[in-house]
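Colleague: Could you take me through one part of this model slowly? I would like a close look at a single chain first, and then at how the pieces are held to each other.

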Amino acid sequence: MTAPVLQVKDLKTQFFTDDGVVKAVDGVSFDLHPGETLGIVGESGCGKSVTALSILRLVQEPGRITGGQILFKGTDIVTMPGDDVRDIRGKDIAMIFQDPLSSLNPVLKVGYQIEEAMEAHTKISGKVALSRAVQLLKQVRIPAAESRVEDYPHQFSGGMRQRAMIAMGLANKPSILIADEPTTALDVTVQAQILELLRDLNEETKTAIILITHNMGVVAGLCKRVLVMYAGRIVEQGPVEQIFKDPQHPYTWSLLQSIPRLDADRKDRLLSIEGLPPDLIKPPRGCRFHPRCQFRIERCFHDDPTLMDVGPDQEAACWVTMRRALARDGEARA
Amino acid sequence: MKRVPERAPLLRAEEVVKHFPAGLGASVKAVERVNFEIYPGETVGLVGESGCGKSTLGRLITQLLPVTSGNIFFEGVDLTKLSGEKLRQKRRELQMIFQDPYSSLNPRMTVGDIIAEPLENFGLLRGRAKDKRVQELLRIVGLNPYFNNRYPHEFSGGQRQRIGIARAIALRPKLIVADEPISALDVSIQAQIINLMEDLQKEFQLTYLFIAHDLSVVRHISDRVMVMYLGKIVEVADSAEIYRNPRHPYTKALLSSIPIPDPEIQSKRRIVHLSGEIPSPVNPPSGCRFHPRCPIAQVPTPCADLEPPLEEKARGHRAACHFSEKVPVAV
Amino acid sequence: MATAPGVATPEEYVGDTLAREQTSLWADAWRRLKRNRLALGSAVFLVLLLVVAIISVFWTPYPIWRQGVAPTYQTPNSDFLLGADQAGRDILSRLMVGAQVSLEVGVGTQIIVAVVGVTIGLIAGYFRGWLDGIISTLINIFYGIPDLLVALILVLILGRGLDKIIFAIAVTRWMDMARLVRGQTFSLREREFVEAARASGTRPNKILSRHILPNALGPIIVQATFGIPQAILFEAFLSFLGLGVQPPTPSWGAMAADGFHAIRIAPHIVLVPAIALSLTLMAFNFLGDGLRDALDPRQKR
Ligand SMILES: Nc1ncnc2c1ncn2[C@@H]1O[C@H](COP(=O)(O)OP(=O)(O)OP(=O)(O)O)[C@@H](O)[C@H]1O
Ligand SMILES: Nc1ncnc2c1ncn2[C@@H]1O[C@H](COP(=O)(O)OP(=O)(O)O)[C@@H](O)[C@H]1O
Ligand code: SF4
Ligand code: SF4
Ligand SMILES: [Mg+2]
Ligand SMILES: [Mg+2]
């Protein structure tokens, strides 16, 4: 396997608020390989967006990266001078957000904004920039791209705006594209198109994609590998087929059991995860999931598990793991 | 299937229309000549893309918005003809659960006062008895009864939605319109609310109109499903039937777009592509409103000049498409 | 303690943990206000001013109307801390009573403005339609007529009693409040909790009093706080023109006007009331800013 383009090591990002220190990201480590599609899932507030923003050093006050390393092709983004980070942003690592309307400038033409994104990093002539903008819009499958470059963002529909954002993200042929909930604000039919587009672009351009979402189905459709986050930590990671078929962390397992599926017949009850997501100012002692975990044992209350191998290339942070939990339940029932 | 044909519907909408003025004499045709029934005890799902008129239809049924034309019969009484005190009295039987658990609770009122308000409005209970009832309602929706003097901002989204549900069932209504009650909630909380709504339905014989854009949820909770497109209902059928055997190209496209949380299945599925996006409801397309995006449209005739009626295609299965028989193979 | 999947649930029950500690919205605002030194200092100053004004009802160093208690144009000394005016009256005593007049004018007009403006604003914003049309037209007409003209005519017709001055100023000042409350009501009535109240059969009067008014209270308080110094200034201006509160009741504006002819020989006669006025106006404005940031943290300037 090739060397990873991005290595996140024990990343810690905290927000110093009036109510206390929010430990939004608390020791996250992962590798991203060239051309890989990596999904980050978890419910809202578990630290997905802050992880992404930390990678580009875009965390806002009162937030700060307080520990760890983010190695992009070997150099640490965390300690890099500000100018160098700005160079990386948009050129090597591009990011697209949930709400495409608020990330586009309403008074500038879409084409102009794409050209701007290119000219921020490389000197090119206006003509070249324009033809490249048209080409990019074609690449993200916007019909009649030649005339659409002249449009303003409000003349685009929601799905087209997200496509334009993706085009901007791809303008400098980045090695990594981070997409934070890129389809959450869109209708399902449009979501399906955007996901298909991302999949095709990944194959065509070999850009690695980090896809952040709370929707398990979206990950299933696009990603090869997945990280499951809970309360600022990665609780499970591995190849997508394995995680979906054989999840080992009770949170992953419960999440998959609790969502109604289109292809399943009507069941009487959904499995529900009781309780609330934890407060990241005072996360629970021991395993952070223990107040909501139906498989916990004595040890879970005071001992904090770390990621352990639970299968080929698959890791989970759990003392019990589903394999044992389900076997135990089987015994109990027998 | 809970529906018994002889049974009288709880609610019947006839040719309901809602247009909003949009300046310069134009209007947003949010709901256009819609007809349907809801039978006692069933859950009807209402799905469709953003802006297709689901919430508007929900608000018309609960009479939070006046209709432009058409009639809505609730237990035989035409709600559109009621106003003032008579309409207020009817509200006892028709309640609503809102999408946004944050903006649907008054931040300046305690949770107890919020839940007690419907009871007070109809002078049902006073003093101690009212307090007891409020605490009982909190318990029923799974909240600690002693939180009645707390304020909404102290609760999480899921807990707030429970408060909204307690308010909606306080008057023991017959019909509850739930407008995307879980789409603003954390994934791990959604199942809690769905289960609660199902439990309450059994306990209090409630009838639901469940509005959602997530078809997987609708499939789970509904007995029947109505699919809406650009202000019109394009297909109605039993929940299992509509998923197995969609008779409208739009329904089929919608179904194929829902991602299934299973990488093996998901990688093999075929998505039905719709060209373009939902047109503006100010100037809806002629004929079949879906024709500019429909993969099997025959234009101009009949799709662009003849509006297909919502007709029975199989028992209990209605669709509005000139070529519904081709949908299973051609789309 | 293992449980079969899908059967049992952990003892921790959703309803037993609150998402956040209990702090009321007002307590939250108070916490933010406390951090604002300028606003807090202003509030202390205004409380002191209020105490002085109340004391002046019962006691002043010298009778305010008696002339010649001091030499005319006396500069400040140990007997007359702020000196004396052209008629030999003690300025400190008059300043104290003047504070009472200013606060009465400021607070009095804002009470009238709040009652009238809030009522009108709520009605226009909630019922909309033709009622709103009439009220909006009325507001615009009042904006169109110069304030001073309205006030002068009213004072000429009604006379110069303190209550009449307050009334006259309120007549020129209610529109801002009405417009603000109308706008607030307009947006609040679209909020889902108001819709929810309607859906559960709440009558309009209760929707206004329980749902809309309490949620508009923050901006109303802020608006009233900014309105007080405007009214005080307006009264001072009227007094300066000789149309304020009937002499010998001293008002800061009248005191400044009285000393104006002697500004070269005895500048303190003008300066003392002018400084008192400026400080008071400033204090109210700082407090208003602080309240706005505290009560309405999203809506910064
Ligand atoms: N008060 C209003 N004034 C003008 N147009 C309106 C108003 N309310 C809704 N509309 C329009 O009516 C149409 C239907 O809106 P509605 O809110 O019912 O959609 P929806 O199906 O609930 O969408 P979503 O899934 O986004 O909630 C939209 O085009 C919307 O812009
Ligand atoms: N600007 C901020 N100030 C304080 N806390 C923040 C801020 N931004 C994010 N957080 C907190 O950080 C945690 C993780 O947030 P985020 O990464 O946005 O979650 P998500 O997984 O939904 O993307 C949450 O507890 C959130 O409240
Ligand atoms: S460590 Fe214990 S509490 Fe945590 S997930 Fe595993 S079983 Fe549950
Ligand atoms: S009527 Fe025509 S355009 Fe409409 S859905 Fe059927 S085939 Fe498509
Ligand atoms: Mg996020
Ligand atoms: Mg809606």
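Modeller: Start with the overall form of chain B. A compact globule of 331 residues would have a radius of gyration near 20 Å, and chain B has 21 Å, so the value agrees with that expectation. Keep in mind that this is a predicted model. Along its principal axes, the C-alpha trace of chain B spans about 70 × 50 × 45 Å. Its secondary structure comes to 11 helices and 12 strands. Of the 331 residues in chain B, 63% are buried. Now look at how the chain folds back on itself. Take the contacts in chain B between residues at least 6 apart in sequence: 64% of these join residues at least 24 apart.

Next, turn to where chain B meets chain A. On the chain A side, 48 residues are in contact, and they touch 41 residues of chain B. The size of an interface is often given as the accessible area lost when the parts come together. Here the area buried between chain A and chain B is about 3800 Å². Carbon and sulfur atoms give 56% of that area.

Polar links are found here too. Between chain A and chain B there are 12 residue pairs in polar contact, counting pairs with both residues at pLDDT 80 or more. Which elements of chain A give two or more residues to the side that touches chain B? They are α7 (158–170), α8 (188–205), α9 (216–222), α10 (240–245) and α11 (250–258) of chain A. The largest share, 7 residues, comes from α8(A). By class, this side of chain A has 20 nonpolar, 14 polar and 14 charged residues.

Charged residues bring us to salt bridges. Side chains of opposite charge can pair when their charged atoms come close. Between chain A and chain B the count is 3 salt bridges. One of them joins B:Glu264 to A:Lys245, with the closest N and O atoms 3.8 Å apart.

Now widen the view. Over all chains, a search of the whole structure finds 49 salt bridges. Take one inside chain A: A:Arg288 pairs with A:Asp26, and their closest N and O atoms are 2.6 Å apart. What does this pair tie together? A:Arg288 lies in the loop between α11 and β11 (308–311) of chain A, and A:Asp26 lies in strand β2 (residues 20–32) of chain A, so the pair links parts that are 262 residues apart in sequence. Are the two partners buried or exposed? A:Arg288 is buried, with a relative accessible area of 10%. A:Asp26 also counts as buried, at 9% relative accessibility.

Other pairs in chain A have partly exposed partners. The side chains of A:Lys138 and A:Glu146 meet in a salt bridge at 2.8 Å, N to O. A:Lys138 is partly exposed, with a relative accessible area of 45%. A:Glu146 is partly exposed as well, at 48%. A:Arg261 and A:Asp263 form another salt bridge, at 2.9 Å, N to O. A:Arg261 counts as partly exposed at 25% relative accessibility, and A:Asp263 is partly exposed with a relative accessible area of 36%.

Finish back at chain B, with a network. Salt bridges that share partners join B:Glu117, B:Glu120, B:Lys130, C:Lys206 and C:Arg210 into one network. Find those residues in the 3D view, and you can trace the links from chain B to chain C.

Key:
Residues numbered from 1 in each chain as written. Chains lettered and ligands numbered in written order. Heavy atoms only, no water. Contact = heavy atoms within 4.5 Å. Buried area = accessible area lost by both parts, 1.4 Å probe. Salt bridge = Lys/Arg side-chain N within 4 Å of Asp/Glu carboxyl O. Polar contact = N/O pair within 3.5 Å; in protein donor to acceptor, adjacent residues only side chain to side chain. Helix = DSSP H or I, 4+ residues; strand = E, 2+ residues; numbered from the N terminus. Nonpolar A, V, L, I, M, F, W, Y, C, P; charged D, E, K, R; others polar. Rg over C-alpha atoms; globule rule 2.2 N^0.38 Å. Buried < 20%, exposed > 50% of the residue type's maximum accessible area, 1.4 Å probe, protein only.
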